[in-house]
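Here are my notes on the model you sent over.

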Amino acid sequence: MAAGHVIEVHPGGPGALGRMIEDIDAARRSVEVQMYILADDPVGRLFVAALVAAAQGGVQVRLIVDSFGSIELPSRFLEPIIAAGGQMHWYAPIRPWIAPWRWQRRNHRKTVTVDGQVAWVLGMNVADHYFGAGGGSGS
């Protein structure tokens with residue numbers, strides 16, 4: 001690890017989510033997110049609201065969501081990010097005419113990078129099951 005760098009370990013639950021949202025709220029230049037599962041639930045709505053607020057504040061917001069991992073997520077859920085000036089892309093959209101074995105190419109990354117300075121490397125997706133008020137453990 002380079003001098004001056006800091007590593008913090010967050011075991012998960014609402015505290016980790018709150019800290020990640022604080023980092024997104026503090027963004028000045030960019031927020032880049034790669035996520036396998038993003039859910040339309042209270043945790044997902046809080047997360048998306050932070051991305052929307054960042055984009056509305058002039059921060060470059062880029063989001064990649066896996067199309068299979070988030071297959072139940074309606075596209076309209078992410079429209080506010082685009083309307084606020086952010087970018088959103090589905091990773092490897094599922095197309096029925098493509099052989100199902102090719103659907104196995106997935107993006108299981110779960111990262112949030114803020115201003116190229118703060119990075120969250122997660123083992124948890126953005127959903128109640130992982131960060132919910134019950135202190136979800138992700139298991």
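1. Where is the place of serine 30? Serine 30 sits in strand S1. Keep in mind throughout that this is a predicted model. With a relative accessibility of 13%, serine 30 counts as buried, because the cut-off for buried is under 20%. Setting aside neighbours within four places in sequence, its contacts are Val59, Gln60, Thr113, Val114, Asp115 and Gly116.

2. Now the overall layout. The protein chain has four helices and five strands, and from the N terminus on they run α-β-α-β-α-β-β-β-α. Of its 139 residues, 41% count as buried. If you take contacts between residues at least 6 apart in sequence, 72% of them join residues at least 24 apart. The accessible surface comes to about 7900 Å², and carbon and sulfur atoms account for 55% of that.

3. Which way do S1 and S2 pair, parallel or antiparallel? They pair in the parallel sense, over six bridges. If you want a pair to click on, glutamate 32 has arginine 62 in S2 as its bridge partner.

4. H1 deserves a point of its own. It covers residues 13–25, and at 1.5 Å a residue its 13 residues should span 18 Å; the end C-alpha atoms are 19 Å apart, so the two figures agree. The buried residues in H1 are Gly13, Ala16, Leu17, Met20, Ile21, Asp23 and Ile24. They cover an arc of only 155° around the axis, which puts them on the same side of H1.

5. What do the buried residues of H1 pack against? They pack against strand S1 (30–35), helix H2 (42–56), strand S4 (111–114), strand S5 (118–121) and helix H4 (128–131).

6. On to the S4 and S5 end of the sheet. These two strands run antiparallel and are joined by four bridges. Threonine 111 has valine 121 in S5 as its bridge partner. The hairpin has three residues between the strands, and aspartate 115 lies in that loop between S4 and S5.

7. Have a look at the backbone of aspartate 115. Its phi is near 55°, a positive value in a residue other than glycine. As a rule, most residues other than glycine have a negative phi. Aspartate 115 is also buried, with a relative accessible area of 12%, and it turns up among the contacts of serine 30 from my opening point.

8. Is alanine 119 buried or exposed? Alanine 119, in strand S5, has a relative accessible area of 56%, so it counts as exposed. Not counting residues up to four places away in sequence, it touches Val112 and Thr113. Alanine 119 and methionine 20 are 99 residues apart in sequence, while their C-alpha atoms are 9.5 Å apart in space. Methionine 20 is one of the buried residues of H1.

9. Serine 70 is in the loop between strand S2 (60–66) and helix H3 (79–83). At 3% relative accessibility it counts as buried, because that falls under the 20% cut-off. Leaving out neighbours within four places in sequence, serine 70 is in contact with Tyr36, Ile37, Leu38, Val65 and Trp90. Take isoleucine 37 from that list: the C-alpha atoms of serine 70 and isoleucine 37 are separated by 4.8 Å, with the two residues 33 apart along the chain.

Technical notes. Residues numbered from 1 in each chain as written. Predicted model: local features only at pLDDT ≥ 70, side-chain atom pairs only at ≥ 80, totals over all residues. Heavy atoms only, no water. Buried < 20%, exposed > 50% of the residue type's maximum accessible area, 1.4 Å probe, protein only. Contact = heavy atoms within 4.5 Å. Expected span 1.5 Å × (residues − 1). Arc of directions from axis to C-beta. Pairing = 2+ DSSP bridges. Areas by Shrake-Rupley, 256 points an atom, 1.4 Å probe, with all protein chains shown as cover.
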